[in-house]
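I am opening my notebook on this structure. I will write down what I looked up, entry by entry.

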Amino acid sequence: MAKLREYEKYVGSDVIDELELYAGKLSGVVIQNINSTAVGGGVAEILMRMIPMLHELGVNAIWDVIKGGERFFEVTKKMHNALHGQKITFTQEELDLYAQTNEMNAREMNLRGDIIFIHDPQPCALVDRKKDLGRKWIWRCHIDFSSPDPFTWNFLKEYIEQYDVGVFSAPSFARELSIPQVLISPSIDPLSDKNRELLQEVIDSVLERFKIDKNRPIVTQISRFDYLKDPVGVVQVFRQVRRYVDCQLVLAGGGATDDPEGAKVLAEVQEIANNDPDVFLLLLPPASDIEINALQRASSVILQKSLREGFGLTVAEALWKSKPVIAGAVGGIPLQIVHKHSGLLTHTIEGTAFALRQLLQNPSFAKALGENGREHVRKNFLITRHLRDYLLLFLSLEHKGEDIVYL
Amino acid sequence: MSLVPNEPFYFFTRQNLTYLTGRKARNLPELLAGIKEVPTSSIYHHTHHYLEQHEFLSPEPPNDFAYWITDILQDKVLGEKVASIDLREFFTLHDIRSRIIEVIEHAMRGNPNAFQQNAPNGEEFHFMNAQTFVFPTKYVAHSLIDFKECLEKVSIYSIYYHVFEARLRRKFSDFSIWLAASLGEDELAQEFMELDPYTQTLENLRRTLIGHIETRLKEGIRGKASRI
């Protein structure tokens, strides 16, 4: 695990010094994180990196995981999909199971934090204990909340409004709530395999392995084979552009083989790609961070033509590699791309194709966008900024309603 | 001027936590209504956070309203007018708000129907708030040389606090006030006051401030300012 001081080379020693300053104000405060899984998934990944960093700063952060049976997690998976906007019906038995599992965990867990930091919907109902325990409670929503299924939203809202504060990843996820809502974007780790610098030989060997020509422009989208990432639209964009500019398309992602919808989407993409030797559809296994890193670094332009997006951290990953990015203006993407400054935001296949032609044929404009993008990510989307926001969030709990807090 | 500083300069730093209000605007009339009604902390956020978050873009649009009007609503003329509001002229957020309202209302008065165009889905204007946390740092300056050394080491957030936020607290940058009151460096204080911090990056501003001090120190060494 990387030490905080290793990030100095990216953000400067002053930024790390100041993290120590903020953390010093949390002396003696116990922060108890609670989520639903110790391994796998984005939340566990974030906590695995955040907790050691908080310890390094002298903050007493702990992490507990709720227990639940298979049926409970089926219900919470349904909730997750419903919060993403799918119309899903719940039986009373399912809702009761959700509440009872949370009650059981609330009884059995040692809720010892001064600040209890709950992640995502699965343990959200633990907050019922706030009535008798007191303490400060934070609910951190890591998922796309832009148009949740109304029934599921109203069910969860009863719990969410018991918290002291809710935390969301993008402005479009804000809801009408009686509690304050804080914006904290997720982040990338510049020292992780997915983002660290790679030797040119490593990049070349990945291209060779997939038989991609390193001497011709490469246009890449990294994403699951999912309708919401519009891979079919990406192939159509490529078709329109290649009439004018010689290039190759790489669509790389994982998780299709065991996902019935993913397999269907992949089949559609294969059909439209029609064995085009310049279209590379790469199904990558889960541990492919180096490959993804190499493909991004080898690309001339990166697309993220999503129709819906949680936050879209693949955009930050691409920008961090100084790549020009064209992306759909959904979820957290408009936070990452300032249109025409640090990338291009588009809404249609035709618009994306036009933007792609512009970037492929104007390398100096593309380079400027990429360089601005890296600087934007350096300032706003690295893990050190994420850590800073969490420290401020913890401090804010003692200063509700104050515009300026002198510490 | 005095040889011995009266009191040292304590460097502070500050950070903002951003709050979502849940309020959004799809077009110019909705933006205007929001600007009129949101708390001043929201006006502060949207006119100042750009300076830090998009620092590398400076001197591009210095406030969120201008960026959104120009690049999302595609009204380049009004966007330019909002971008060019000189924040240096205003010392309260209330006055900044009034000026922005005045500029937008003036534009709409001529042709109200032309301003009904909606932003594309997903690119609405989201009103936000800022809560500011101010922390003392370990940096303290007792002399001009100390002051320069501290300026080289403090974060850009500290410079931001003493230059931008100070103007809203006490009309002038903390640096200018201290240089004049404690070091008697009236000329240097005046030079600092005349800088336009809104049209350069914070790192550029740091270098400019340090450059002015270095020039002053050289003058001192050459004996032009015998009282340093």
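First, a term I need: axes are lines fitted to C-alpha atoms, for helices over the stretch in contact, and angles run from 0 to 180 degrees between N-to-C directions. Helices (H or I, at least four residues) and strands (E, at least two) are DSSP runs, numbered from the N terminus.

I note that this is a predicted model, where local features need pLDDT of at least 70, side-chain atom pairs count only at pLDDT 80 or more, and totals for chains, interfaces and linings use all residues. Residues are numbered from 1 along each chain as its sequence is written, while chains are lettered from A and ligands numbered from 1 in the order in which they are written.

**Entry 1: two helices**

I looked up helix H12 (residues 313-320) of chain A and helix H15 (residues 363-380) of chain A. Their axes come within 7 Å and cross at roughly 115°.

Which residues meet here, in H12(A) and in H15(A)? From H12(A) I listed A:Ala316, A:Leu319 and A:Trp320; from H15(A), A:Gly373, A:Arg374, A:His376 and A:Val377. Contact is defined by C-beta atoms, placed from the backbone, that lie within 7 Å. The residues of this contact divide into four nonpolar, two polar and one charged. In this scheme Ala, Val, Leu, Ile, Met, Phe, Trp, Tyr, Cys and Pro count as nonpolar, Asp, Glu, Lys and Arg as charged, and the others, Gly among them, as polar.

**Entry 2: a six-strand sheet**

Next I traced an open sheet in chain A. Its six strands have the order S9-S8-S7-S10-S11-S12, with parallel pairing. Two strands pair if DSSP finds at least two bridges between them. Strand S9 (279-283) and strand S12 (344-346) of chain A are the edge strands, and each pairs on one side only. Neighbouring strands of this sheet are turned by 20° against each other on average, direction ignored.

I then checked one pair. S7 (residues 218-222) and S10 (residues 301-304) of chain A are parallel and share two bridges. A:Val219 stands opposite A:Val301 in S10(A). Helix H9 (residues 231-242) of chain A packs on the sheet and touches S7, S8 (248-253), S9 and S10 of chain A. The direction of H9 makes about 170° with that of S8(A).

How many residues does each chain give to the contact? I read 30 residues from chain B and 40 residues from chain A. On the side of chain B, S2(B) gives the largest share, eight residues.

I followed the sheet here. Nine strands form an open sheet in the order S2(A)-S1(A)-S3(A)-S4(A)-S5(A)-S6(A)-S1(B)-S2(B)-S13(A), with mixed pairing. Strand S2 (60-65) and S13 of chain A stand at the edges with a single partner strand each, so one side of each has no neighbour in the sheet. The twist averages 25° from one strand to the next.

S13 (residues 404-406) of chain A runs parallel to S2(B), joined by three bridges. A:Ile404 has B:Thr132 as its bridge partner in S2(B).

**Entry 3: chain B**

Helix H7 (residues 156-170) of chain B lies across S1 and S2 of chain B, at about 80° to S1(B).

Note on methods: Two residues are in contact if their C-beta atoms, placed from the backbone, lie within 7 Å.
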